[in-house]
Amino acid sequence: MSTPLSGPGSAQQAPGRGPVRTGSPRTSRTARNHAPITVAGLAAKVILLGLVAGIAIWAAFPLVEAEMWVWLAVLVLTTAALFYLYLGRRHIPAKYLVPGTLFLIAFQVVPVLYTASTAFTNFGDGHRGSKDDAIVAIQSSSVKQVPGSAQYPMSVATKGDPATGALVFLITDPQTNTVSVGDARGLRPLDPGAATVAPGGKVTAADGYTVLNVGQASARSKDITDLVVPTAGGALRSSGLSRVYEGKAVRAYDAGCDCVKDSDSGRTWTADGEVGAFVATDGERLAQGWKVNVGLSNFTRVLTDERISGPFLGTLIWNFAFAIGSTGGTFILGMLIALALHSPRMRGTNLYRMLLILPYAMPSFAMLLVWRDMFNTDFGLINNLFGLSVDWFGQDWSARAAVILVQLWLGYPYMFLVATGALQAIPRELTEATSVDGASPWQSFKAVTLPLLLVALSPLLISSFAFNFNNFNAIYLTTEGAPFPADNPSNGATDLLITYTYRLAFGGQAAQFGFAAAISLFIFAIVAVVSAVSFRRTRQQEDVYA
Amino acid sequence: MTTLTGASRPTAVDRNAGRRGNRWFAQVGWRHLVGLLGVLFSLFPLVFVVSAALNPLGTLSSTELVPTGGVSFENFGDLFARTEFANWFLNSVLIAGGAAFASVLLSALAAYAFSRMRFQGRRVGLLSLLLIQMFPQFLAIVAIFLIFGMITDLWPAIGFNTPWGLMLLYMGGALGVNTWLMKGFFDTLPRELDESATMDGASHAQVFFRILLPLVAPILAVTGLLAFINTINEFLMASVFLTDTDAKTLAVGMRGMLQGAERNTNFGIFAAGTLLTAIPTVLVFQFLQRFIVSGLTSGAVKG
């Protein structure tokens, strides 16, 4: 890949040598001071630093408003450091490294560390916020309509898409005719004049919000029923699609016993700091809990919880099989075709090549979806062509064979291209020499061509393996993990670890961010071990010393 | 002269055929046979897509491998009339183009420092990049989702459902992926070039922008193209980030077309969208084919 052209010795003459090495500081410093300051360079510097300052100021206001002083300090220090770095003449390597490193830290290192810390908590649906948040949620969700509850006209609105955006209630107080916005965080008054109120009190339009019409609202009736707006005396809940009532909370938190009491049934749930939930004596848990540190239990669950460990092991084995099968299959097919076309007597190789690499140039996400529909049981091309009615994604092995076939189609042009390149680099004399010595073509392939190909392509095979090991699209856009066993809707036969993780975190069921993060770390570990072993074998580390 | 794989595969030879045809098949003919089979395998899903795009009924169930029920361009019109395809296309090009350009620039800057300068922490920096490279960014998707939830509250302009948030995220993954590759390219350029420029009074920035960057420009273009294509195809993070219809990228939006009950009826317009998405990349691919081979053998990867 890279040819180190200079040994460590030539480092002395490197143009941008940093000031840390004390070879002959005086001379190099003066040399640098004589470097001309061009108008273009100066202008670029001024513009870019101005941009940095502008962005920093823009970013500071919301932080001040939210009173997040620590992050404000980070912002100010980062900006100051950038100015110091680029206005000074020292630290030249840093000038080139810092831009990328900033993004790397913000959007890769921090998320990875955050993942690691989340893996030791029970973070997820039902365990999102602090204990106080949980108490507020318990109290407001226990609100019941009592005789004499006040009712208000209400419109459902959202700031986003009417079909998916987070909902708010626009509530009108008939006495004062003022409009308030209510969501799970509470009630805030809207600026007078920002909303258009129809006779009867219903809001028909409001600045910055899309008011849902009846059809849109009834499509989201479940979200509307679930939306509870806490107030001082209890909470507001919807009653139908156009009114809210103010109800009284049945359940209340008692700090004395650190428990929640239900005034209707008289039951109590005591706070359990170990699991982050209120638990009754008979073991019943309230759905609203809080985030606590659970130690290693997310990791041990993978091994000890029988509902997870059995399917998990199957997923792990299939994950390896899929990665090896995809990589090996594409390599063998690509190499065979490359060998076939690699002959001085072949005509039209360019045309073949142009047509063969078409799958590689197509947008893979779309082609995955096309393949999914080609495997469709009722109307799919495969069943139509062969007159079958196989439910390809309905059985374990046909689904697995299908996703590997799709990967084969997507991936072999790439292997064909690189194998062609590598074949052209093998000197013809070598194979000619073997045939002079009387070796059969098969012997010469086995003894000369294949080993040389493998040397050239093994880094690519390793990275292809690592890529396929986490090939989310290949599964999620085709089978989505199906078929699922009847008793376990969270882990299907074609699931890779990464699609399984995605389902745990963002699937239809309750999100389990903590557990998903633990599985992510598990994948990290596997990928790291595989990469470390392979890097050692390909000795890429040597470049470090170049 | 027997070539190296002359008869590495058993060839079914018709005994009755003439000796010359026999030899021709053993040496060249079977190669064409393999090539043709490969081309057939490559092309049949593409023929199916073209046929679906031109199918006047536009449903999956009525689509054959070869269009028999007439040809029409209705699907292309429907695509723009019934979906936000134009928006998605623009979003994808903006996000992927911006992220590819920025990531190539950022990693070229870093690679220059690693290739040409000697400083404290250089080895540690290179090794930690190698380590970070092993951790694909999307594995931290849960944490990224939570972090961007906070960012959306503070700065809605770079949060969920904006192209900028996603672009920033993709730029974060850039350094880990491309720096080693680029450092390799810079290492192949003779040092004497920048040394002589320095002697003539060029600053380090001039050496980088005026001398080295133009020399690696073709390979930068290929790396950028591959980054562009990878970003266009990225689905996982885009699907978490972009939920509003008009903020979606092609991958997220077009998958939505084939969701649920509309899966059968929308297949025609979906195929039309696939063709429109593919045309620019296929053209560039054929054009840059030669460079791409060398770029690939240097270690860039695509599924």
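The questions and answers below go through a predicted model of a complex, chain by chain.

Residues are numbered from 1 along each chain as its sequence is written, and chains are lettered from A and ligands numbered from 1 in the order in which they are written. In this predicted model local features need pLDDT of at least 70, side-chain atom pairs count only at pLDDT 80 or more, and totals for chains, interfaces and linings use all residues.

Trainee: What ipTM does the predictor give the complex?

Mentor: The predictor reports two scores for the complex. The pTM is 0.76, and the ipTM is 0.82.

Trainee: Where in chain B is confidence highest?

Mentor: Confidence is given as pLDDT, the predictor's score for each residue from 0 to 100. Chain B averages 81, with 88% of its residues at 70 or above (at least 70). Helix 12 (residues 267-297) of chain B is lowest, at a mean of 77, and the highest value, 90, belongs to helix 3 (residues 85-116) of chain B.

Trainee: How many contacts does the model have for residues 299-303 of chain B beyond four places in sequence?

Mentor: Two residues are in contact if their C-beta atoms, placed from the backbone, lie within 7 Å. Residues 1-14 of chain B have a pLDDT below 50, and this stretch has 25 contacts beyond near neighbours in sequence. For residues 299-303 of chain B, pLDDT stays under 50 and the number of contacts beyond four places in sequence is 22.

Trainee: How far apart are the C-alpha centres of domain 1 and domain 2 of chain B?

Mentor: Domain bounds come from an automatic or database domain assignment, which divides chain B into domain 1 (20-72) and domain 2 (84-297). In chain B, 10 residues of domain 1 are in contact with nine residues of domain 2. The C-alpha centres of these two domains of chain B are separated by 34 Å.

Trainee: Which helix of chain A gives the largest share of the side that touches chain B?

Mentor: The contact between the chains involves 116 residues of chain A and 103 residues of chain B. On the chain A side, 79 residues are nonpolar, 31 polar and six charged. The classes are nonpolar (Ala, Val, Leu, Ile, Met, Phe, Trp, Tyr, Cys and Pro), charged (Asp, Glu, Lys and Arg) and polar (the others, Gly among them). The largest share, 17 residues, comes from helix 4 (residues 92-118) of chain A.

Trainee: Is A:L477 buried or exposed?

Mentor: A:L477 sits in the loop between helix 17 (472-476) and helix 18 (497-506) of chain A. Beyond four places in sequence, its contacts include A:F365, A:R372, B:F235 and B:R255. A residue is buried if 20 or more other C-beta atoms lie within 10 Å of its own, exposed if 12 or fewer, and partly exposed in between, with C-beta atoms placed from the backbone. A:L477 has 23 other C-beta atoms within 10 Å, so A:L477 is buried.

Trainee: Which residue of strand 5 of chain A is the bridge partner of A:V181?

Mentor: Two strands pair if DSSP finds at least two bridges between them. Strand 3 (residues 167-173) and strand 4 (residues 178-183) of chain A pair antiparallel over five bridges, and strand 4 pairs antiparallel with strand 5 (residues 186-189) of chain A over four. Strands 4 and 5 of chain A form a hairpin with two residues between them. In strand 5 of chain A, A:V181 is bridged to A:R188.

Trainee: Which helix of chain A packs on the sheet and touches strand 12 and strand 13?

Mentor: The sheet is open, with four antiparallel strands of chain A in the order 12-13-14-15. Its edge strands, each pairing on one side only, are strand 12 (251-254) and strand 15 (277-279) of chain A. Axes are lines fitted to C-alpha atoms, for helices over the stretch in contact, and angles run from 0 to 180 degrees between N-to-C directions. At about 150 degrees to the direction of strand 12 of chain A, the helix packing on the sheet is helix 5 (residues 131-141) of chain A.
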